[in-house]
Amino acid sequence: LVSIGMGSITGLSTSDYAIGALALPEFAKPALSDFGWTIPLALFIAVICFAVIRLGLLAYEFVRRRPFLLLPVAGVVIALLAIAFHATSGRSAQEVLFSGQNALPSLVAESGSWSISALLLVLAFKGLAWGVSLGGFRGGPTFPAMFLGAAAGVLASHLPGFDMTGAVGVGIGCGVVSVLRLPLTAVVLGVLLTSKSGAGTEPLVIVGVVVAYLATIALGKAFGSGQDGGAEAAAEPAPA
């Protein structure tokens, strides 16, 4: 309904604000090793996303005191993080900037050109830039979480016995559930974005999303209700 309304009112094609299924290798059936690596990957992504949301809350508490002065400072910090990422990894600064919606398909399609060090750097720098952005800029958390989850999945695919298609699907689903706490939505997104590669990803996504969801709840209880508040405070701010 939203897509039809947007198209008729604005004249935009739905392809202007949609992502199709990602180009991934065929993956018909998961192996036991895929399930084994899914659990630590889900925990890893849950910890990253939880840390980013907490950073966003800290940035919000800092920026809201003098927004007209401190928002430009936050923008400069994000720019410096993007420049530092480019200087250290040799990859485009745009991998750190923006929501990741446009960068996600190319990240997956060109995964062979990403070194392990570059993947670690994009997780670090984009995570920091996203956390700072959540402190005051407008937008939402979903696409950055999907991008970081996919990057973590590509990184995890270097592990022995972990298929890249399954790892990327798990990463996307775990990223979504870690910030939105909506397990069914996370499973649907993870499965749909890998749907052209076969049905092998589906059971891995379900297991990964459940693990990441439980881990996120446990982290919220262990470190206070900050992330619950963060879901409300970060509903407005924008991703890097």
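A charge is said to sit over a ring if NZ of Lys or CZ of Arg is within 6 Å of the ring centre and within 35 degrees of the ring normal. In this predicted model, Lys-126 meets that description, lying over the face of Phe-147 at 5.2 Å from the ring centre. The points below cover charges over rings, aromatic pairs and a surface patch.

**Charges over rings**
- Lys-126 is placed over the face of Phe-147.
- The charged end of Arg-91 sits over the ring of Trp-114, at 4.0 Å from the centre of that ring.

**Aromatic pairs**
- A pair of aromatic rings is described by two values, the distance of the centres and the angle of the planes.
- Two aromatic pairs are found when the whole structure is searched.
- One of them joins Phe-50 and Phe-223, with ring centres 5.9 Å apart. The planes of these rings stand at 45°, so the pair is tilted.
- This pair links distant parts of the chain, as Phe-50 and Phe-223 are 173 residues apart. Phe-50 belongs to helix α2 (residues 32–63), whereas Phe-223 lies in the loop between α9 (201–222) and α10 (226–233).
- Phe-50 has a relative accessibility of 6% and therefore counts as buried. Phe-223, by contrast, is exposed, with a relative accessible area of 52%.

**Nonpolar surface patch**
- Val-76, Leu-80 and Ile-83 make up a nonpolar patch on the surface. Together, these residues have about 290 Å² of accessible area.
- Ile-83 is part of helix α3, which comprises residues 67–89.
- The relative accessible area of Ile-83 is 53%, so this residue is exposed.

Notes. Residues numbered from 1 in each chain as written. Predicted model: local features only at pLDDT ≥ 70, side-chain atom pairs only at ≥ 80, totals over all residues. Heavy atoms only, no water. Patch = residues over 30% accessible without salt bridge, like charges linked within 9 Å, V, L, I, M, F, W, Y side chains within 5 Å. Areas by Shrake-Rupley, 256 points an atom, 1.4 Å probe, with all protein chains shown as cover. Salt bridge = Lys/Arg side-chain N within 4 Å of Asp/Glu carboxyl O. Helix = DSSP H or I, 4+ residues; strand = E, 2+ residues; numbered from the N terminus. Buried < 20%, exposed > 50% of the residue type's maximum accessible area, 1.4 Å probe, protein only. Phe/Tyr/Trp six-rings, centres within 6.5 Å; stacked < 30°, edge-to-face > 60°.
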